[in-house]
Amino acid sequence: MELTSPTDFAKERVKSVQDYAVLSVRSLVNLFKRPLYVADMIQQADLIGFGSLPIVLAACFFTGAALALNSASTLDRFGAMTVIGQLVSVGIVRELGPVLAGLVVAGRNASGMASELGSMVVTEQIDAMRALGTDPLKKLVTPRVTSTIVMLFFLTILGDLLGLIGGAFVVRLVLRLDTHQYWSSAWQTLEYSDVFTGLTKPVVFGFIIATIGCYYGLNTKGGTQGVGRATTEAVVAAMILIIAVDVFITRVLMLTLGTS
Amino acid sequence: MSTPTLPIESRSAADQRPSPDAIVFEDVELAFDDKVVLAGISFRLAHGETKAIFGVAGSGKSTILKLALGLLKPDSGRIAVLGEEITTMTEDQLFELRRKVGIVFQESALFDSLTVRENVAYRLLEEGKLSEEEIEKRVREALSFVELAHTMDMYPSELSGGMRRRVGIARTIITEPEVLLYDSPTGGLDPVTSNTIIELIVKQRDVYKTSSLLVTHRLQDAFTMGTHYFDRSENKMKPLPPNARSAVPMGFLILREGRIIFDGDLKSLRETTDEYIREYIS
């Protein structure tokens with residue numbers, strides 16, 4: 001294996017960041033340029049949104065149930081079982097709903113985008129597209145970015161609901177508590193800042209998932225082996241970024257909304 | 001024996017062209033990382049001429065086509081296509097120019113999620129200037145040219161390698177480009193299919209007088225093009241008499257290690273004394 005000098009390695013990293021930034025900015029700027037590929041956006045929304053719906057709902061449902069179970073033993077020691085609804089609702093809406101939906105969509109769609117675009121690169125379909133007068137960023141990246149952002153937003157709302165329902169199942173069937181109390185405390189404890197925080201995250205995560213998937217796909221090198229590598233790297237990068245950016249957004253929103 | 005009259009039609013705008021050459025490369029250099037791919041490439045492709053580019057694998061043949069289309073930018077030097085300097089153009093400006101320049105890719109590069117009809121109509125659908133009926137008519141004409149009108153509703157995966165190349169040609173010629181770039185259009189194909197494709201390229205050269213660059217590994221393909229013409233009345237390629245071979249606008253370019261070592265016609269290629277070239281063409 002050929003060794004790379006630290007300078008070359010650093011240059012390569014900086015160039016990657018620069019290329020990613022250019023792709024990200026252009027994916028948004030293209031929204032204001034003609035033509036707008038609405039049909040591609042709808043097709044991607046179907047693939048990303050409806051395709052991911054069952055897994056996102058299942059993941060959120062079981063996480064809500066597990067959160068209720070784990071919280072119950074601690075709350076019981078303090079005789080505070082009545083606040084279980086509050087705990088599940090804040091946990092799901094602020095944090096677990098958006099992050100879980102983001103991670104599931106990243107696993108499913110960042111890989112799909114990287115492999116699809118990567119295959120198009122190695123079979124010269126991207127070059128053919130440029131040769132035929134179409135901007136691949138406009139035709140392929142912008143629809144994926146907008147669709148992922150929009151669909152992840154709605155997936156998160158549904159995921160939050162299923163997370164709360166999962167908690168309600170545990171409260172009713174395992175803990176044998178009153179679900180009316182669970183739902184009223186879950187509802188009443190939610191503040192504007194909780195909902196705002198929980199719904200800002202999927203917008204950012206959606207952008208990360210689509211741009212990372214497209215970036216790795218469009219920069220695929222090395223034939224079919226390269227496609228596999230790009231796919232894996234896209235998923236890993238998207239997941240790590242989601243988790244890291246989550247901390248950052250949470251803190252920024254806390255300071256902005258005055259909830260720290 | 002008299003020289004056959006070549007049924008070559010002139011393009012209507014031929015006399016108003018701003019430049020006498022379709023493509024001009026002047027001292028073009030390109031390197032990928034530390035590997036020099038092209039080292040000072042200079043040549044001219046006249047309007048209506050077809051130039052075959054030879055060279056061993058990795059000599060930079062396909063790179064020349066990508067540079068001519070603006071898919072790659074050179075490190076230095078000047079490239080002009082149809083009188084316009086493309087080295088300083090933005091991608092948006094290049095999209096306009098690419099309407100007049102078509103490329104047939106090595107592996108045809110058809111969009112595998114689209115049908116043959118959608119692949120061939122791709123550019124017209126993107127432009128959205130023509131009615132559906134007009135697009136359908138143009139697609140049928142282009143596919144008839146490559147004798148594949150019956151494949152309209154098939155997907156590329158359902159076609160053979162030779163058929164895919166021909167669909168690639170149909171997709172390229174549907175907008176009647178002034179310049180065509182062929183990247184190993186017969187690579188990996190059997191001799192019969194290769195001959196069909198060469199016949200289509202000769203037809204494009206002699207009937208529509210399209211300027212072309214043809215990258216190939218197969219010497220016999222280029223020699224066939226230099227010794228044959230397309231007879232419209234019989235709708236087939238026919239051999240030229242030996243004394244009429246200069247009647248077809250056919251040139252040859254040989255690359256070696258990123259440099260041009262030969263640029264001339266069939267006669268001078270046959271008469272060359274360069275040992276490397278003689279060995280290459282023998």
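Predicted model: local features only at pLDDT ≥ 70, side-chain atom pairs only at ≥ 80, totals over all residues.
**Exercise 1.** Now try A109(B): what is its phi, although it is not a glycine, and how does the residue count by its C-beta neighbours?

*Solution.* 
- Step 1: find the loop. A109(B) lies between strand 6 (101-104) and helix 3 (116-127) of chain B.
- Step 2: read the angle. Its phi is positive, at about 50 degrees.
- Step 3: count neighbours. The threshold for buried is 20 or more. A109(B) has 25 C-beta neighbours inside 10 Å and therefore counts as buried.

**Exercise 2.** Work out which class E116(A) falls into from its C-beta neighbours, and find its C-alpha separation from C214(A).

*Solution.* 
- Step 1: E116(A) belongs to helix 3 (residues 84-122) of chain A.
- Step 2: because E116(A) has 18 C-beta neighbours inside 10 Å, it counts as partly exposed.
- Step 3: C214(A) is 98 residues away along the chain, yet the two C-alpha atoms are separated by 9.0 Å.

**Exercise 3.** Which peptide bond at P35(A) is cis, and what is its omega?

*Solution.* 
- Step 1: P35(A) is in the loop between helix 1 (6-29) and helix 2 (38-77) of chain A.
- Step 2: the bond from R34(A) to P35(A) is the cis one, with omega near -5 degrees.

**Exercise 4.** Describe how helix 1 of chain B is covered, and then what follows it.

*Solution.* 
- Step 1: helix 1 spans residues 61-68, and seven of its eight residues are buried.
- Step 2: among the buried ones are K61(B), I64(B) and A68(B).
- Step 3: just after the helix, G70(B) takes a positive phi of about 75 degrees.

**Exercise 5.** Why does the radius of gyration of chain B agree with a compact globule?

*Solution.* 
- Step 1: chain B has 282 residues, for which a compact globule would have a radius of gyration near 19 Å; the chain has 19 Å, so the two agree.
- Step 2: The C-alpha trace spans about 55 × 50 × 40 Å along its principal axes.
- Step 3: Chain B has nine helices and 12 strands, and 41% of its residues count as buried.

Technical notes. Residues numbered from 1 in each chain as written. Chains lettered and ligands numbered in written order. Helix = DSSP H or I, 4+ residues; strand = E, 2+ residues; numbered from the N terminus. Buried ≥ 20, exposed ≤ 12 C-beta atoms within 10 Å, placed from the backbone. Rg over C-alpha atoms; globule rule 2.2 N^0.38 Å.
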